[in-house]
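Here is a short briefing on one protein structure. Keep the sequence and the 3D view open as you read.

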There are 2 protein chains.
Amino acid sequence: SRVIRAPRGSQLTCKNWLTEAAYRMIQNNLDAEVAEDPKNLVVYGGIGRAARNWECFDQILASLKDLSSDETLLVQSGKPVGVFKTHENAPRVLIANSNLVPQWANWEHFNELDRKGLFMYGQMTAGSWIYIGSQGIVQGTFETFVEAGRQHYDNHLAGRWILTAGLGGMGGAQPLAATLAGACSLNVECQQSSIDFRLRTRYVDKQAHDIDHALELIAQHTAAKEAVSIALLGNAADIIPELVRRAQAGGMRPDLVTDQTSAHDLINGYLPSGWSVEKWKAAQKDPAQHAALTKAASQSCAVHVQAMLDFQSMGIPTVDYGNNIRQVAFDQGVKNAFDFPGFVPAYIRPLFCEGKGPFRWVALSGDPEDIYKTDAKLKELFPNDKPLHRWLDMARERIAFQGLPARICWLGLGERDKAGLAFNEMVKSGELKAPIVIGRDHLDTGSVASPNRETEAMKDGTDAVSDWPLLNALLNTAGGATWVSLHHGGGVGMGYSQHAGMVIVADGTDAAAERLARVLVNDCGSGVMRHADAGYELAVETAKKQGLKLPMVK
Amino acid sequence: SRVIRAPRGSQLTCKNWLTEAAYRMIQNNLDAEVAEDPKNLVVYGGIGRAARNWECFDQILASLKDLSSDETLLVQSGKPVGVFKTHENAPRVLIANSNLVPQWANWEHFNELDRKGLFMYGQMTAGSWIYIGSQGIVQGTFETFVEAGRQHYDNHLAGRWILTAGLGGMGGAQPLAATLAGACSLNVECQQSSIDFRLRTRYVDKQAHDIDHALELIAQHTAAKEAVSIALLGNAADIIPELVRRAQAGGMRPDLVTDQTSAHDLINGYLPSGWSVEKWKAAQKDPAQHAALTKAASQSCAVHVQAMLDFQSMGIPTVDYGNNIRQVAFDQGVKNAFDFPGFVPAYIRPLFCEGKGPFRWVALSGDPEDIYKTDAKLKELFPNDKPLHRWLDMARERIAFQGLPARICWLGLGERDKAGLAFNEMVKSGELKAPIVIGRDHLDTGSVASPNRETEAMKDGTDAVSDWPLLNALLNTAGGATWVSLHHGGGVGMGYSQHAGMVIVADGTDAAAERLARVLVNDCGSGVMRHADAGYELAVETAKKQGLKLPMVK
Ligand SMILES: NC(=O)c1ccc[n+]([C@@H]2O[C@H](COP(=O)([O-])OP(=O)(O)OC[C@H]3O[C@@H](n4cnc5c(N)ncnc54)[C@H](O)[C@@H]3O)[C@@H](O)[C@H]2O)c1
Ligand SMILES: NC(=O)c1ccc[n+]([C@@H]2O[C@H](COP(=O)([O-])OP(=O)(O)OC[C@H]3O[C@@H](n4cnc5c(N)ncnc54)[C@H](O)[C@@H]3O)[C@@H](O)[C@H]2O)c1
């Protein structure tokens with residue numbers, strides 16, 4: 001079985017740094033430290049791949065090695081299909097993954113094509129070669145908590161606590177993110193093995209023996225204004241209602257309530273109340289028990305959501321974290337299940353209105369020092385952004401690099417270009433050992449239409465309009481991003497999303513500086529435009545402040 | 001009510017000829033000679049619009065007037081939403097029309113957004129500003145009929161007759177194309193105004209009083225081997241079944257059966273049997289009646305398709321002409337609706353494999369002489385292409401210009417760039433009075449995924465893969481086309497297609513020559529690539545002969 005690792009250092013394998021960047025990043029996506037299942041080319045997100053198969057992977061590398069600075073490689077669902085003449089300011093790679101004509105855009109048709117070797121699931125950053133490991137989810141969760149703190153607690157989360165459940169693959173980022181945001185957290189998890197894993201990797205600080213102990217620890221650490229995370233073994237469908245009863249009786253109240261159990265999958269994702277984990281695992285493996293399991297899990301979700309609603313009615317901010325638990329409860333008869341919002345309309349959309357999203361960059365040198373230098377540069381560029389400083393410090397301290405050293409942080413319109421140009425200067429001056437690759441998630445301000453997630457409940461009802469991500473990709477191509485991708489079905493599955501990726505290389509040249517100045521403004525500018533068009537005041541203001549030209553926005 | 005007509009001559013209104021071209025072409029799309037319903041901004045194809053509303057239209061013109069040579073205007077479903085900094089070799093306009101996330105990609109959701117003023121149907125060349133009236137489709141239809149004659153009647157269409165319906169924007173080309181191909185035709189159309197328009201523009205020769213008279217005329221002209229076209233006022237859902245009954249009873253039989261009513265749009269495109277045109281128009285405007293209208297139209301389509309199937313079972317060649325009527329009938333329970341093929345697999349795909357498709361150009365001067373000079377230039381460039389010479393002669397003689405003088409002819413890979421560069425030279429030398437706008441339909445070799453039409457029955461089963469048109473749009477944007485568009489739902493309606501438009505201006509500069517050389521090769525090259533990837537030998541050969549770089553094609 002092959003072991004893939006991107007080349008490091010300042011020596012070129014390809015003809016120039018733009019193609020070298022693509023050459024290294026596709027390999028970095030498949031680094032054993034980065035990818036979930038590299039031998040099957042799977043990067044993350046179930047079956048999100050970097051290339052269709054090994055033959056395609058090898059040919060992508062060969063084509064990139066050979067590519068001139070006036071040529072562009074086309075990649076169609078992980079297969080390199082053509083090389084065409086373009087020009088120096090055009091992207092070097094254009095990618096389209098997993099796109100299907102709508103009437104055929106379902107898993108059944110996808111699987112049929114996939115089985116025949118004709119297709120590939122690109123997820124978001126898997127097929128567009130800018131995945132950087134679990135740092136991404138920690139940061140996104142951190143931003144969500146910080147924004148909640150800004151909205152509800154005047155930016156002060158010290159002495160506050162977050163109540164949630166689920167310490168799985170994504171949910172496990174919650175305690176660390178809460179700590180980085182300055183809050184305590186109580187994390188209910190029904191499997192000791194999940195808690196052990198998070199304790200071992202320092203994503204959670206301590207485990208409580210029982211509810212009383214948990215509340216004692218929370219009381220103690222919030223009083224001391226220490227941001228400590230507590231795990232509690234138990235079933236959320238029992239513990240959350242019990243915490244409601246105590247709060248109603250004058251006990252402690254959480255300051256934010258959410259949940260990341262896998263309620264979207266009622267067979268494998270949510271332990272029913274009263275069931276042991278052993279009974280649950282056995283039922284998962286036995287199709288004859290699936291109906292009963294689904295029913296029991298659904299009923300428990302309804303109880304769980306009712307408890308969340310109860311907290312909300314006490315005036316405590318409560319949000320769905322994208323696991324579909326509201327829908328499950330609604331289907332069980334909890335008529336007002338959707339009274340609490342999803343996390344995007346609640347916390348992320350205001351950031352999107354300012355063009356803020358998961359900006360990220362990677363040091364092609366492979367040297368962590370290059371990232372530390374860019375960390376320092378960012379603090380220098382934004383001296384008053386306290387959460388940014390805190391994030392950068394804690395990320396350096398708490399989050400291990402996976403593959404090529406990388407950093408993520410949410411920057412907005414007017415900030416990303418500043419950062420990109422500064423990095424380019426550092427490459428030019430030799431301060432950094434090799435060029436920097438700049439990219440972002442497809443979950444970003446202007447790059448996605450996904451009505452059950454990123455574009456849930458848009459103000460004007462345009463949740464499903466996918467003109468916007470298509471325009472985003474065309475604009476980034478026009479501006480001269482280094483590679484641009486258009487994907488379908490990422491995050492929420494076939495039929496439910498359309499989104500675009502963008503990566504641009506700071507190779508220290510003046511030409512790169514011009515491209516960075518354009519693309520990093522346009523990319524998030526198009527997100528501010530999309531939100532201004534939907535009627536968000538904050539986006540309209542941001543557009544005005546940043547001097548965007550939006551012809552129909554008054 | 002406003003009367004729109006594009007400016008003519010060599011005087012600039014905008015800052016340069018690239019934006020001037022867009023400025024004139026959007027207006028030309030709405031010229032009363034060109035558009036089906038200009039006062040509602042409808043160009044053709046049911047409700048295919050050039051701009052979302054008049055306010056948007058005015059602002060598009062204003063933005064184009066102001067646009068610099070390093071700026072790009074973004075248009076989202078007919079609304080000008082942003083102007084961003086790009087560079088001289090980037091497109092001046094990027095357009096995304098009617099795109100919806102697949103699960104929401106249906107007429108119901110479209111209509112909801114459209115009613116609220118949040119959306120627009122772009123059809124193909126309506127929303128991408130390169131519609132040139134019925135001429136645009138004449139040659140395609142001509143080629144189709146000629147190919148049908150070659151396959152079924154040993155190249156002799158004299159004394160044969162074609163039965164069809166629909167004399168709208170595109171369908172109106174059928175009688176003239178049949179005549180040019182040497183056949184008689186009977187054209188059923190439910191609106192007298194559509195017939196009048198075709199009579200006036202010499203696209204149809206005569207109108208019959210009723211069925212008997214129509215068949216009498218057909219009998220007379222086929223006997224005399226005269227290629228005469230007959231219009232008949234009536235509902236195809238009544239008349240086609242009646243013609244079946246007569247044929248079954250020993251009456252006259254058509255030699256080819258097809259249809260171009262707008263069955264892809266069940267609210268605006270297909271008159272239900274038993275309904276008056278007045279009742280139909282009123283129901284179109286009243287959302288409360290849309291469900292009933294859709295139902296009635298669908299049922300009539302089912303009857304219509306059943307009659308076409310009946311003709312087919314008599315051994316008469318029968319094809320779907322890309323209006324999705326088979327799908328409508330199938331959904332209504334006509335299980336074998338897809339027994340007759342679409343016209344693309346039947347007649348057009350071999351042309352696509354050579355990169356051939358509906359290349360077109362427009363003289364911005366407004367002077368017909370400019371077109372005649374380009375006609376002559378083409379004959380000079382391709383001295384041995386007899387069908388091309390014959391086409392150009394017939395077109396000049398029989399086809400009236402609508403709006404700005406324009407010409408269409410199907411050219412393939414290696415031919416389009418030759419033509420484009422020659423036109424650019426003619427502009428440079430002053431032989432032509434003003435620049436030439438070069439474009440094509442979205443129905444082309446590399447620009448569309450539409451499983452019920454252009455990509456029906458692809459050799460490898462990738463009919464529904466829409467990566468290809470997305471890559472086409474990205475590549476043309478990268479290459480420097482003047483405007484690029486991405487549309488959904490054209491031709492076959494919401495949910496059934498994804499396609500891309502491309503327009504490039506020959507303004508006589510050296511920079512334009514470089515862009516033309518790239519874009520006109522890449523645009524149809526990407527179509528040859530798509531067909532080679534699907535395993536068509538002719539496309540593989542074409543790619544080799546033309547020196548395309550296709551990494552995975554051996
Ligand atoms: N919208 C977003 O951006 C976003 C991001 C991350 C995750 N999510 C959603 O969050 C959910 C969690 O994702 P994940 O990757 O962590 O899933 P996962 O399956 O890896 O983890 C779920 C965890 O919940 C625990 N659990 C199940 N039932 C429980 C119960 N009744 N009480 C307490 N704990 C219970 C499980 O033991 C497991 O550890 C998913 O539904 C996912 O789709 C959404
Ligand atoms: N395959 C191709 O190359 C191709 C090209 C263009 C259009 N088309 C398809 O052909 C169809 C027609 O296109 P168009 O631009 O002419 O549309 P259009 O809407 O301009 O014209 C449709 C015409 O059909 C008539 N009609 C509607 N219902 C009728 C009925 N029951 N009986 C008789 N006549 C009826 C209307 O009055 C109208 O004149 C569309 O579905 C389009 O997508 C296919």
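Helix H6(A) is followed by A:Arg202, whose phi is positive, near 65 degrees. Note that this is a predicted model.

**Helix H6 of chain A**
- H6(A) covers residues 192-200, and its buried residues include A:Ser194, A:Ile195 and A:Arg198.
- These residues span an arc of only 100 degrees around the axis, which puts them on the same side of H6(A).
- An α-helix has 3.6 residues a turn, so residues three or four places apart point the same way.
- What do the buried residues of H6(A) pack against? They pack against three strands of chain A: S7 (184-189), S8 (206-208) and S9 (229-233).

**The open sheet of chain A**
- Five strands form an open sheet in the order S8-S9-S7-S6-S10, and their pairing is parallel.
- Which strands stand at the edges? They are S8(A) and S10(A), the latter covering residues 256-257.
- Each edge strand has a single partner, so one side of each is left without a neighbour in the sheet.
- Helix H5(A), residues 173-181, packs on the sheet. H5(A) touches S6 (161-165), S7 and S9 of chain A, and its direction makes about 175 degrees with that of S7(A).
- Helix H8(A), residues 236-248, lies across S6, S7 and S9 of chain A. H8(A) runs at about 140 degrees to S7(A).
- S8(A) and S9(A) pair in the parallel sense over 3 bridges. A:Gln207 stands opposite A:Ala231 in S9(A).

**Strand S13 of chain A**
- S13(A) covers residues 436-440. Of its 5 residues, 5 are buried, so S13(A) is largely enclosed by the rest of the structure.
- A:Ile436, A:Ile438 and A:Arg440 point one way from S13(A), while A:Val437 and A:Gly439 point the other way.
- S13(A) pairs with S11(A), residues 357-363, in the antiparallel sense over 5 bridges. Here A:Phe359 stands opposite A:Arg440.
- S13(A) also pairs with S16(A), residues 498-506, in the antiparallel sense over 4 bridges. A:Gly439 has A:Val503 in S16(A) as its bridge partner.

**Where two H16 helices meet**
- H16(A) and H16(B), each covering residues 467-479, pack at an angle of about 35 degrees. Their axes are 8 Å apart.
- The crossing of H16(A) and H16(B) is right-handed.
- Which residues of H16(A) meet H16(B)? They are A:Leu470, A:Ala473, A:Leu474, A:Thr477 and A:Ala478.
- On the H16(B) side, they meet B:Leu470, B:Ala473, B:Leu474, B:Thr477 and B:Ala478.

**The nonpolar core**
- How many residues does the largest nonpolar core have? It has 293.
- The residues with the most contacts inside this core are A:Trp129, A:Trp483, B:Trp129 and B:Trp483.
- Leaving aside neighbours within four places in sequence, B:Trp129 is in contact with residues including B:Met25, B:Ile60, B:Val93 and B:Trp483.

**B:Gln248**
- B:Gln248 lies in helix H8(B), residues 236-248.
- Is B:Gln248 buried or exposed? At 53% relative accessibility, B:Gln248 counts as exposed, because exposed means over 50%.
- The C-alpha atoms of B:Gln248 and B:Phe311 are separated by 9.0 Å, and these residues are 63 residues apart along the chain.
- Leaving aside neighbours within four places in sequence, B:Gln248 is in contact with B:Asp310 and B:Met314.

Technical notes: Residues are numbered from 1 along each chain as its sequence is written. Chains are lettered from A and ligands numbered from 1 in the order in which they are written. This is a predicted model: local features need pLDDT of at least 70, side-chain atom pairs count only at pLDDT 80 or more; totals for chains, interfaces and linings use all residues. Side-chain values use heavy atoms; hydrogens and water are left out. Buried means under 20% relative accessible area, exposed over 50%, partly exposed in between (1.4 Å probe, protein chains only). The arc is that of the directions from the helix axis to the C-beta atoms. Contact means heavy atoms within 4.5 Å. Two strands pair if DSSP finds at least two bridges between them. Axes are lines fitted to C-alpha atoms, for helices over the stretch in contact, and angles run from 0 to 180 degrees between N-to-C directions. A nonpolar core is a set of buried Ala, Val, Leu, Ile, Met, Phe, Trp, Tyr and Cys residues joined through side-chain atoms within 4.5 Å. A crossing is left-handed if the near helix is turned anticlockwise from the far one by less than a right angle, and right-handed if clockwise.
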